[in-house]
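Subject: A structure for you to look at

Hello,

Here is the structure I promised to pass on. Please open it beside this email, and then read on for what turned up in it.

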Amino acid sequence: MATYPASFAHGLMFHRFHRQGEPAAGQGSISDAAFEAMLRAIGSERILAPQEWMSRANAGLLQPADLCITFDDGLKNQVEVALPVLERLGLKAFWFIYSAALRGSYDRNEIANLLATRYFASFNAYVQQFEALTTVSPKAFESADWHYYAQGLKARFPFYSASDVRYRYMRNHLLSLTEFEAAVDRLLALLGLDLHAVAGQLWMTADQVGALHTSGHVIGMHSYSHPFSLSALSARDQRVEYQANFDDLTQITGQPPRSMSHPLNSYSPATLEILANLGIECGFCSNMQPPGGHASVNPSPLEFAREDSTTLLALTASSG
Ligand SMILES: [Zn+2]
């Protein structure tokens with residue numbers, strides 16, 4: 001790859017990993033080999049340790065070329081597959097953890113992602129099976145609301161397939177959380193799988209989160225339960241989400257968190273106020289566009305841009 005673009009400081013956003021030669025760990029999963037090649041191509045000297053990123057951000061001294069590494073969701077394959085790569089390259093990262101999974105309350109969305117890649121020939125095949133387990137009517141995909149949603153999503157995430165968009169519309173808009181979870185549980189039953197056994201393979205334990213903190217990585221917030229649309233919650237419910245996550249992470253690391261990322265990029269002015277009141281100094285969005293209502297990226301220290309790993313992978317791979 002030619003020089004990685006550097007028009008403004010931003011985070012590099014990662015979710016799922018698998019070992020080279022093993023099955024993908026979910027949609028957008030990248031291998032340890034690809035992760036290492038990508039970081040070397042970008043240039044590890046440009047990647048700031050999270051403490052350095054925060055101190056430059058607080059002082060207003062972040063430069064356009066400055067980058068940092070972020071992991072969302074507290075997934076076990078991040079410590080098992082990506083952490084050894086960081087250690088080889090001498091890099092530290094932000095790890096944004098929603099704590100419900102640590103307490104045995106599992107995000108069916110992450111479980112669904114694992115099922116989609118492990119048990120179906122394609123994401124399209126998964127979406128068809130999933131849709132059949134819901135009461136969603138095909139007519140829902142003829143509405144003006146659907147067309148508006150699909151256009152907006154394709155503009156922000158050009159790499160999404162038609163199935164990706166259809167699935168997100170069902171998950172985020174047509175189905176209630178209870179309906180979505182019931183459909184995933186029906187899918188688990190159909191496949192003959194146990195929820196707790198699957199969850200145990202997916203998420204880090206509290207001890208693993210604590211060990212990351214002890215070894216110099218930075219643990220930050222990502223809400224308690226990872227709602228599909230945090231901004232749709234009342235200010236009171238948003239505060240409950242972040243206070244619970246704040247308390248859990250403080251207990252695990254012995255230090256109050258100072259950083260966060262917005263789950264599914266969902267937040268409102270009320271969210272930013274709640275985060276500021278909790279002493280959060282640095283927050284991350286999940287795309288490279290100016291946040292709604294702003295003319296440019298990085299409008300506040302709680303809204304730093306991030307590039308998705310799928311885009312990073314495409315840039316790295318295009319170097320040949
Ligand atoms: Zn997340």
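Below is a short tour, going from the metal site to the salt bridges, the cysteines and the aromatic rings.

Before we start, please keep in mind that this is a predicted model, in which local features need pLDDT of at least 70 and side-chain atom pairs count only at pLDDT 80 or more, while totals for chains, interfaces and linings use all residues. Residues are numbered from 1 along each chain as its sequence is written, and side-chain values use heavy atoms, with hydrogens and water left out.

**The zinc site**

Which residues coordinate the zinc ion? They are Asp73 through OD, His222 through NE2 and His226 through NE2, at 2.1 Å. Donors here are N, O and S atoms within 2.8 Å of the metal (3.2 Å for Na, K and Ca), and water is not among the atoms, so sites may look incomplete. Along the chain, the zinc donors follow the spacing D-x148-H-x3-H. Aspartate 73 sits in the loop between strand S4 (67–72) and helix H3 (76–89), and histidine 222 in the loop between strand S6 (218–221) and helix H11 (235–253), so this pair ties together parts that are 149 residues apart in sequence. Helices (H or I, at least four residues) and strands (E, at least two) are DSSP runs, numbered from the N terminus.

Are these two residues buried or exposed? Aspartate 73 is buried, with a relative accessible area of 5%, and histidine 222 is buried as well, at 1%. The word buried means under 20% relative accessible area, exposed means over 50%, and partly exposed is in between (1.4 Å probe, protein chains only).

**Salt bridges**

The structure holds 12 salt bridges, each being a side-chain nitrogen of Lys or Arg within 4 Å of a carboxyl oxygen of Asp or Glu. Here are some to look up:

- Arginine 40 pairs with glutamate 36, with 2.8 Å between the closest N and O atoms. The two are four residues apart in helix H1 (residues 32–42), which separates them by about one helical turn. Arginine 40 is exposed at 52% relative accessibility, whereas glutamate 36 is buried at 14%. Glu36 and Arg40 also belong to a network of salt bridges with Arg88.
- Arginine 108 and aspartate 185 form a salt bridge whose closest N and O atoms are 2.8 Å apart. Arginine 108 is in helix H4 (residues 108–119) and aspartate 185 in helix H8 (residues 177–191), so parts that are 77 residues apart in sequence are tied together. Arginine 108 counts as buried at 13%, and aspartate 185 as partly exposed at 30%.
- Glutamate 131 meets arginine 166 in a salt bridge of 2.8 Å, N to O. This pair links distant parts of the chain, from helix H5 (residues 123–132) to helix H7 (residues 162–174), 35 residues apart. Glutamate 131 is buried, at 15%, and arginine 166 is partly exposed, at 26%.

**Cysteines**

How many disulfides are there? With a disulfide taken as a pair of cysteine sulfur atoms within 2.5 Å, the count is zero. For cysteine 68, the nearest cysteine sulfur is that of cysteine 282, 6.8 Å away. The sulfur of cysteine 285 is 11 Å from the closest cysteine sulfur, also in cysteine 282, which is too far for a bond. Cysteine 68 is buried at 0%, and cysteine 285 is buried at 3%.

**Aromatic rings**

A search of the whole structure finds 29 aromatic pairs. Rings of Phe, Tyr and Trp (its six-membered ring) pair if their centres lie within 6.5 Å; planes under 30 degrees apart count as stacked, over 60 as edge-to-face and the rest as tilted. Phenylalanine 120 and tyrosine 126 have ring centres 5.5 Å apart and planes at 70°, so they are edge-to-face. Both of these residues are buried. Ring pairs also join them into a cluster whose members include Phe123, Phe130 and Phe228.

Tyrosine 149 and tyrosine 169 make a tilted pair, with 5.1 Å from centre to centre and 50° between the planes. Tyrosine 149 lies in helix H6 and tyrosine 169 in helix H7, so the pair ties together parts that are 20 residues apart in sequence.

Enjoy exploring!

Best wishes
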